[in-house]
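This briefing covers one protein chain.

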Amino acid sequence: MTTTTPGNAAHDATPDTPARAPAPVGPLATSAFVRACRREPVPHTPVWFMRQAGRSLPEYRQLRSGIGMLESCRRPDLVAEITMQPVRRHGVDAAILFSDIVVPVAAAGVELDIVAGTGPVIAEPVRSAADVGRLRRITPDDVGFVDEAVRLLVAALGETPLIGFAGAPFTLASYLVEGGPSRTHGRTKALMYGDPQTWHALCARLAEITLEFLRVQVTAGVAAVQLFDSWAGTLSEADYRRHVLPHSTAVLHGLADAGVPRIHFGVGTAELLKAMGEAGADVVGVDWRTPLDIATARIGPDRAVQGNLDPCLLLAPWPVVRTEVRRVLADGLAAPGHVFNLGHGVLPETDPDVLTRVVELVHETSQR
């Protein structure tokens, strides 16, 4: 395998070419994950999985039994243990904080519940300027439990990087406007098109909340952050640029001097990849629909990529999984930096032993 070569470091922080954030100090600065995010040579392609801490692990199901999702996210001891479980089991190159994207909006005073089998359900949807006015900013004290959990994890993980995360303004806005998950995002788009002033006010407030939530995690010691825009793929590029990009840019550029790599991920975003890269990320996550070499050509040479094995493939026979893992690694060689991941989260029915074998295969195949 050839060595991944670093791209050219940018020297300004315009939306088109974000400045490269300085790497964390100490052992984390030389971790394969951080180096790949920064487009530097790595000893092997690093690997972690979205939703690696979750329902595919029997130890997770046992620990969470009888405990609601929001309560779990607010208990630092549970957060730390759940976050550590896949690191112990799979030997991944990074941990990701166990939380949920609606945690900061709940901290901002939104009454909601995370209903098993459904997702976030909002008691009073946000659909007017008056509703937006009731959505307050958050302070570090509002999410002190996150600060405590991150500090516990940083101490426990040692040389394994911890990734913090948050939901992007558009995806959070969609949950708030729809009142819960939606297949069409009809109410969201109706507000976006019909009342752009209220829409931008809502997204601007959510960008402030998201940025503060991520700053708390960075201050507590995370080595990278990921901004999830799960529903951005429902938009055209023109609508994304007009109604969404400014607010994601506010979050990502608000962390330009934070000293940690920034990852930007969405689902169904093949036509948005260039625009998403312009928002200010160091790494663009790619779902399974777009090969990484094609994605890299769209994103450009100044950003690493993350992804992008189809999560459903993990349910196939091992020879099929092995072939597809190697294909993703080969496609990733076109990128200036590659973090192996799935194209979305681990499915609950996934055999955890298959995830462990994938980690081993990625490390063996990509050894420099």
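In the protein chain, the mean positions of the 34 positive and 40 negative charges lie 2 Å apart. Lys and Arg count as positive and Asp and Glu as negative, while His and the chain ends are not counted; each charge is placed at NZ of Lys, CZ of Arg, CG of Asp or CD of Glu. The model is predicted: local features need pLDDT of at least 70, side-chain atom pairs count only at pLDDT 80 or more, and totals for chains, interfaces and linings use all residues. Residues are numbered from 1 along each chain as its sequence is written, and side-chain values use heavy atoms, with hydrogens and water left out.

**Overall form**

- The protein chain has 16 helices and 9 strands, taken as DSSP runs (helices H or I, at least four residues; strands E, at least two) and numbered from the N terminus.
- Along the principal axes, the C-alpha atoms fill a box of roughly 55 × 45 × 40 Å.
- Of contacts (heavy atoms within 4.5 Å) between residues at least 6 apart in sequence, 73% join residues at least 24 apart.

**Burial and core**

- Of the 368 residues, 60% count as buried, where buried means under 20% relative accessible area, exposed over 50% and partly exposed in between (1.4 Å probe, protein chains only).
- The largest nonpolar core has 125 residues, and F33, L202 and V358 have the most contacts inside it; such a core is a set of buried Ala, Val, Leu, Ile, Met, Phe, Trp, Tyr and Cys residues joined through side-chain atoms within 4.5 Å.
- Helix α10 (residues 196-220) gives the most to this core, with 12 residues.
- Leaving out residues up to four places away in sequence, F33 touches residues including P46, W48, D93, I263 and V339.

**Helix α6**

- D131 lies in helix α6 (residues 129-133) and counts as buried because its relative accessible area is 16%.
- Beyond its neighbours within four places in sequence, D131 is in contact with P125 and V126.

**Backbone exceptions**

- Most residues other than glycine have a negative phi, and most peptide bonds are trans.
- R39 has a positive phi near 60°, as does R51.
- R39 lies in the loop between α1 (32-37) and α2 (58-64), and R51 is found in the loop between α1 and α2.
- R39 is buried at 3% relative accessibility, whereas R51 is partly exposed at 46%.
- A cis peptide bond, with omega about 0°, joins G307 and N308; N308 is found in strand β8 (residues 304-309).
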